[in-house]
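This briefing goes through a structural model topic by topic. Please keep the sequence and the coordinates at hand while reading.

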Amino acid sequence: MRAGGLMRAALTNRSLVIGLALSLVFVGAALISFAWVPQDVTVLDIANKMKTPSAAHPLGTDHFGRDILSMIMVGARTSIAVAVVAVVIGMGLGVPLGLAAAARRGSLLDEVIMRGNDLVFAFPSLLIAIMITAVFGPSALNAIIAIGIFNIPVFARLTRGAALSLWTRDYVLAARVAGKGAVRISLEHILPNVTNLLIVQGTIQFSLGILAEAALSYVGLGAQPPIPSWGRMLADSQTMISFAPHMAIFPGMAILLTVLGLNLMGDGLRDLFDPRIRRDRR
Amino acid sequence: MLRYVLKRLVSLVISLAVASLVIFVAIEVVPGDPAAYMLGMNAQADTLAALREQLGLNGSIPERYLSWVAGMLQGDFGTSYTYRTPVAEMIGERLWISLPLALYALTLSTLIAFPAGVWAASRRGSAVDMGVMGVTQLGVAIPNFWFAMLMVLIFAINLRWFSAGGFAGWEQGFFAGMKSLTLPAVALALPQASILTRVMRSSLLDTLSEDFIRTARAKGLTRRQVLWRHALRNAMIPVLTIIGMQFSFLMAGAIIIENVFFLPGLGRLVFQSISARDLIVVESVVMLLVFAVILVNFAVDVAYAAVDPRLRGRR
């Protein structure tokens with residue numbers, strides 16, 4: 001009954017349906033690219049360089065004659081992989097920290113965790129990436145670490161805030177009376193009740209991760225050649241934008257549509273999980 | 001109030017100390033010997049020793065950290081290895097581009113977001129509201145450096161209204177300088193304006209649903225009077241916080257946007273220093289940006305408490 005009702009609500013939520021569809025297109029493109037792409041992106045075809053869109057190349061070719069559609073499909077892997085792993089890092093470390101801070105509210109542990117969060121917030125992911133790159137050199141892995149570190153306080157704060165209000169509930173009191181420890185209460189009673197919030201925030205951080213990865217690759221701090229990435233495709237296209245604008249337009253559209261899809265999905269999920277507070281997205 | 005400011009001041013100093021420690025460890029301790037790192041594999045022993053001497057790398061790690069911090073407090077950021085000029089001087093020069101750019105973008109973003117947010121909130125649910133929200137949805141999803149490239153294509157290459165990049169220099173006059181910064185500032189401002197519009201709108205809608213607004217309406221004030229006299233002022237608190245937070249995003253975003261437009265600001269300096277392995281410059285610029293972020297957040301917190309006495313007790 002509840003599952004059926006939830007399904008119906010999901011299907012009538014326009015943001016969710018459009019967002020999910022857009023996101024699936026790009027996740028699908030990334031997955032398909034493992035098995036098949038219109039043209040191998042490692043093969044250069046200089047004779048056909050910078051061709052505008054045609055039947056053979058629906059999105060045209062780049063300055064090495066590579067098919068831009070294929071590059072976008074393979075590039076989707078990089079963007080999605082970096083953003084997903086960064087969200088996993090952020091959740092994996094941030095959620096336990098947030099739970100611990102809430103369970104020991106006002107303690108030294110809470111204070112240390114929250115001040116640590118403030119500190120990380122002072123380092124935008126770009127600055128973290130700059131420091132890592134200055135010392136270890138640029139790579140997709142370093143981009144993941146930089147974005148992942150930035151995600152930790154986001155999830156820690158969210159979890160702590162939500163968990164604090166849950167700790168005052170009667171059923172948590174009942175669990176304490178029953179002799180359950182803080183760890184068990186956090187895992188059995190608090191965590192399941194913050195999952196919805198975490199999923200929504202996860203979607204948003206996923207989309208921010210895609211934007212951050214694109215920006216880092218664009219300035220050369222992310223994935224390195226020959227791994228195709230949307231940000232680097234844009235960087236490559238920049239000097240040729242006046243005579244081959246399609247090289248800049250399509251990878252940018254890919255980023256825009258993926259991020260838009262994920263944001264719409266996040267909005268839709270938020271409405272779905274909490275229909276009482278149809279809060280406007282900030 | 002004074003107690004609150006003092007408390008925040010102590011936490012500001014602690015944050016800065018910890019942040020500087022993190023940066024120092026990441027850049028000077030983690031790579032092992034920074035001098036060897038900067039010179040590369042084939043460095044001669046005597047060049048290495050000379051560089052170590054010049055960078056002051058011969059002391060112990062705590063000594064080096066303390067002398068770095070002491071230097072910065074006196075405005076001495078050390079000497080760039082590649083440029084052989086004082087880092088403070090280089091940063092000072094570049095700041096004259098990066099800082100006006102960030103402030104220009106902040107101004108634009110506020111000027112766009114304010115009326116757009118008020119307009120959308122005052123016509124909630126109408127076509128105007130949906131239109132504004134749709135545009136902001138696009139605004140937060142668009143990568144700003146790509147938007148910048150598209151603007152170059154349209155306004156510089158096709159229409160020739162602006163130059164495609166570079167900086168005219170302030171000595172060409174204020175107007176010429178601002179003109180070089182206009183496209184970059186618009187590109188930087190767009191996503192921030194979208195976020196701010198949404199915050200403005202939802203904060204105003206929250207305020208409009210409060211009891212005192214109903215009272216004001218019942219007193220006989222018109223919708224417009226209620227909006228301007230009562231609602232806006234109360235809706236400003238979250239908006240101010242976001243504006244403060246945006247400053248840090250704008251400083252960081254400027255690093256990327258400067259690359260699109262080949263502006264010789266802090267961002268270009270950082271990337272040039274990374275490729276030249278000039279760690280001292282990277283370290284100083286990162287420290288400066290983090291300092292700016294922490295300081296602005298401190299200022300916002302204090303301004304906040306000054307406006308809303310309820311907040312002084314918290315945290």
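Two residues are in contact if their C-beta atoms, placed from the backbone, lie within 7 Å. By that criterion, residues 24 or more positions apart account for 69% of the contacts in chain B with a separation of 6 or more. The model is predicted.

**Chain B**
- Chain B has 12 helices and zero strands.
- Read from the N terminus, the order of elements in chain B is α-α-α-α-α-α-α-α-α-α-α-α.
- Along the principal axes, the C-alpha atoms of chain B fill a box of roughly 85 × 60 × 35 Å.
- Chain B has 315 residues, of which 36% are buried.

**Contact between chains A and B**
- Chain A contributes 32 residues to the contact and chain B contributes 41 residues.
- On the side of chain A that touches chain B, helix 4 (108–121), helix 5 (125–136), helix 8 (182–218) and helix 10 (246–273) of chain A each supply at least two residues.
- By residue class, that side of chain A consists of 23 nonpolar, five polar and four charged residues.

**Helix 3 and helix 6 of chain A**
- Two packed helices are described by the angle between their axes and the distance between the axes.
- For helix 3 of chain A and helix 6 (residues 140–166) of chain A, the axes come within 5 Å and cross at roughly 35°.
- The crossing of helix 3 of chain A and helix 6 of chain A is right-handed.
- In the contact of helix 3 of chain A with helix 6 of chain A, 24 residues are nonpolar, seven are polar and two are charged.

**A:V84**
- A:V84 is part of helix 3 (residues 68–103) of chain A.
- Is A:V84 buried, exposed or partly exposed? A:V84 is partly exposed, because 16 other C-beta atoms lie within 10 Å, whereas a buried residue has 20 or more and an exposed one 12 or fewer.
- The C-alpha atoms of A:V84 and A:G202 are 9.0 Å apart in space, while the two residues are 118 residues apart in sequence.

**Nonpolar core**
- The largest nonpolar core has 162 residues, and A:I130, B:A148 and B:V290 touch the most other members.
- Helix 3 of chain A gives the most to this core, namely 20 residues.
- Which residues is B:V290 in contact with, leaving aside its neighbours within four places in sequence? They are A:A122, A:F123 and A:L127 in chain A, with B:A19 and B:I23 in chain B.

Terms used
Residues are numbered from 1 along each chain as its sequence is written. Chains are lettered from A and ligands numbered from 1 in the order in which they are written. This is a predicted model: local features need pLDDT of at least 70, side-chain atom pairs count only at pLDDT 80 or more; totals for chains, interfaces and linings use all residues. Helices (H or I, at least four residues) and strands (E, at least two) are DSSP runs, numbered from the N terminus. Ala, Val, Leu, Ile, Met, Phe, Trp, Tyr, Cys and Pro count as nonpolar, Asp, Glu, Lys and Arg as charged, and the others, Gly among them, as polar. Axes are lines fitted to C-alpha atoms, for helices over the stretch in contact, and angles run from 0 to 180 degrees between N-to-C directions. A crossing is left-handed if the near helix is turned anticlockwise from the far one by less than a right angle, and right-handed if clockwise. A nonpolar core is a set of buried Ala, Val, Leu, Ile, Met, Phe, Trp, Tyr and Cys residues joined through C-beta atoms within 7 Å.
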